[in-house]
Amino acid sequence: MNITDVRVFPVEEDKLKAYVTITLDHCFVVRDLKVIHGSTGLFIAMPAKKRKDGTYKDIAHPLNADTRSQMERVILIEYEKHLHQAQSGTLVSVAAELD
């Protein structure tokens, strides 16, 4: 599985820094991942649905730590690129092509 596209949508909130949409192998899209600033730094939250009891359940998520780590690395790199481009005034649509 390769992440072939990453789209970053920044937000102006305290802990939530951006929504992210990723494309896997040019054929499967996952929307509403979140870049969150937590107590130990930035991390990625998976898309989740609120249940009737008020708790949240992930809609999609990696099945192992290696996949989660790879996803976080790729998404956070693209998030940082997006921030630097926005600060320098050269913001363009950014796509990640990884093997």
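Trainee: Okay, so buried means under 20% relative accessible area, exposed means over 50%, and partly exposed is in between. Which of these does Lys-81 count as?

Mentor: Lys-81 counts as partly exposed, because its relative accessibility is 39%. Keep in mind that this is a predicted model.

Trainee: And Glu-78, buried or exposed?

Mentor: Glu-78 has 3% relative accessibility, so it counts as buried.

Trainee: What do the side chains of Glu-78 and Lys-81 form where they meet?

Mentor: They form a salt bridge, with 3.3 Å from N to O. Both residues lie in helix H1, which covers residues 65-88. Glu-78 and Lys-81 are three residues apart there, about one turn of the helix.

Trainee: How many salt bridges does the count come to?

Mentor: The count comes to two. In the other pair, Arg-7 is bridged to Asp-5, and their closest N and O atoms are 2.9 Å apart.

Trainee: Let's zoom out. How many helices and strands does the chain have?

Mentor: There is one helix, along with six strands.

Trainee: Which strands form the open sheet, and in what order?

Mentor: Four strands make up that sheet, ordered E1-E2-E3-E4, and their pairing is antiparallel. At the edges are E1 (3-10) and E4 (41-45), each of which pairs on one side only. From one strand to the next, the twist averages 25°.

Trainee: What holds paired strands together in general?

Mentor: Strands of a sheet pair through backbone hydrogen bonds, and the pairing can be parallel or antiparallel.

Trainee: Back to this one, then. How many bridges join E1 to E2?

Mentor: Seven bridges join those antiparallel strands. A hairpin through five residues connects E1 to E2. You can find Arg-7 again here, standing opposite Thr-21 in E2.

Trainee: And how many join E2 to E3?

Mentor: Seven bridges link E2 (residues 16-24) with E3 (residues 28-38), and these strands run antiparallel.

Trainee: New topic: the inside. How many residues are in the largest nonpolar core?

Mentor: That core has 17 residues, and Ile-22, Leu-33 and Val-35 are those with the most contacts inside it. E1, E2, E3 and H1 each contribute at least two residues. H1 gives the largest share, at five residues.

Trainee: Why would nonpolar side chains gather like that?

Mentor: In soluble globular proteins, nonpolar side chains tend to be buried together.

Trainee: What is Leu-33 in contact with, leaving aside its neighbours within four places in sequence?

Mentor: Its contacts include Ala-18, Tyr-19, Val-20 and Ile-22. Leu-33 also touches Ile-44, Met-46 and Pro-47, among others, and Met-71 and Ile-75 are on its list too.

Trainee: Last one: what share of the whole chain counts as buried?

Mentor: Of its 99 residues, 33% count as buried. The chain exposes about 6,700 Å², and 52% of that is supplied by carbon and sulfur atoms. As for contacts with a separation of 6 or more, residues 24 or more positions apart account for 30% of them.

Conventions: Residues numbered from 1 in each chain as written. Predicted model: local features only at pLDDT ≥ 70, side-chain atom pairs only at ≥ 80, totals over all residues. Heavy atoms only, no water. Pairing = 2+ DSSP bridges. Axes fitted to C-alpha atoms, helices over the stretch in contact; angles between N-to-C directions. Salt bridge = Lys/Arg side-chain N within 4 Å of Asp/Glu carboxyl O. Buried < 20%, exposed > 50% of the residue type's maximum accessible area, 1.4 Å probe, protein only. Contact = heavy atoms within 4.5 Å. Areas by Shrake-Rupley, 256 points an atom, 1.4 Å probe, with all protein chains shown as cover. Core = buried A, V, L, I, M, F, W, Y, C linked by side-chain atoms within 4.5 Å.
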